[in-house]
Amino acid sequence: MVETTISRKQELQRKAAVLKQYEVYCYQMAYFLLEDEALAAQAAKQALFHLLNDETFFLDHEQLQKQKTKQITIKYALQTKSALLQQAL
């Protein structure tokens with residue numbers, strides 16, 4: 001039981017270290033699309049959470065990880081903008 005907890009913690013730390021490499025990249029892309037700090041932070045957080053749950057992301061090479069990060073960030077930025085526009089109606 002203790003070994004499982006330790007290995008799970010190590011796995012989360014490894015994933016966090018990988019995602020940290022893309023944190024600023026996510027935010028910059030989201031901000032470029034949304035031009036709003038709070039919305040960009042929200043979209044970047046959603047994108048990173050999505051990637052955290054994508055096991056294949058952590059097996060991919062760096063170039064493919066960056067491509068996936070870009071695609072997912074754009075998706076969540078557009079969803080965030082869409083939700084904002086829907087609220088305005």
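Q: Where is isoleucine 74 placed, and why is it called partly exposed?
A: In this predicted model, isoleucine 74 has its place in helix H3. Its relative accessible area is 31%, and because buried means under 20% and exposed means over 50%, isoleucine 74 falls in between and is called partly exposed.

Q: What makes the nonpolar surface patch, and which helices supply its residues?
A: The patch of about 400 Å² is made by Phe32, Leu33, Ile74 and Leu78. Helix H1 (2-34) and helix H3 (62-88) each supply at least two of the patch residues.

Q: Why is threonine 69 called buried?
A: Threonine 69, which also lies in helix H3, has a relative accessible area of 0%. Since the label buried applies under 20%, threonine 69 is therefore counted as buried.

Q: Which residues does threonine 69 touch, leaving aside those up to four places away in sequence?
A: With such sequence neighbours not counted, threonine 69 touches Tyr22, Tyr25, Cys26, Met29, Leu51 and Phe57. A contact here requires heavy atoms within 4.5 Å.

Q: How do you know whether glutamine 65 is buried or exposed?
A: Glutamine 65 is found in helix H3, and its relative accessibility is 7%. Because this value is under the 20% cut-off, glutamine 65 counts as buried.

Q: What does glutamine 65 touch, not counting residues up to four places away in sequence?
A: Its contacts are with Val18, Tyr22, Phe57, Phe58 and Asp60.

Q: What pattern does the protein chain follow along the sequence, and how many helices and strands does it have?
A: The protein chain has three helices and zero strands, and reading along the sequence gives the pattern α-α-α.

Q: How many of the contacts between residues at least 6 apart in sequence join residues at least 24 apart?
A: Of those contacts in the protein chain, 62% join residues at least 24 apart.

Q: What share of the protein chain counts as buried, and what belongs to its accessible surface?
A: Of its 89 residues, 30% count as buried. The accessible surface comes to about 6,600 Å², and 58% of that surface belongs to carbon and sulfur atoms.

Conventions:
Residues numbered from 1 in each chain as written. Predicted model: local features only at pLDDT ≥ 70, side-chain atom pairs only at ≥ 80, totals over all residues. Heavy atoms only, no water. Helix = DSSP H or I, 4+ residues; strand = E, 2+ residues; numbered from the N terminus. Buried < 20%, exposed > 50% of the residue type's maximum accessible area, 1.4 Å probe, protein only. Areas by Shrake-Rupley, 256 points an atom, 1.4 Å probe, with all protein chains shown as cover. Patch = residues over 30% accessible without salt bridge, like charges linked within 9 Å, V, L, I, M, F, W, Y side chains within 5 Å. Salt bridge = Lys/Arg side-chain N within 4 Å of Asp/Glu carboxyl O.
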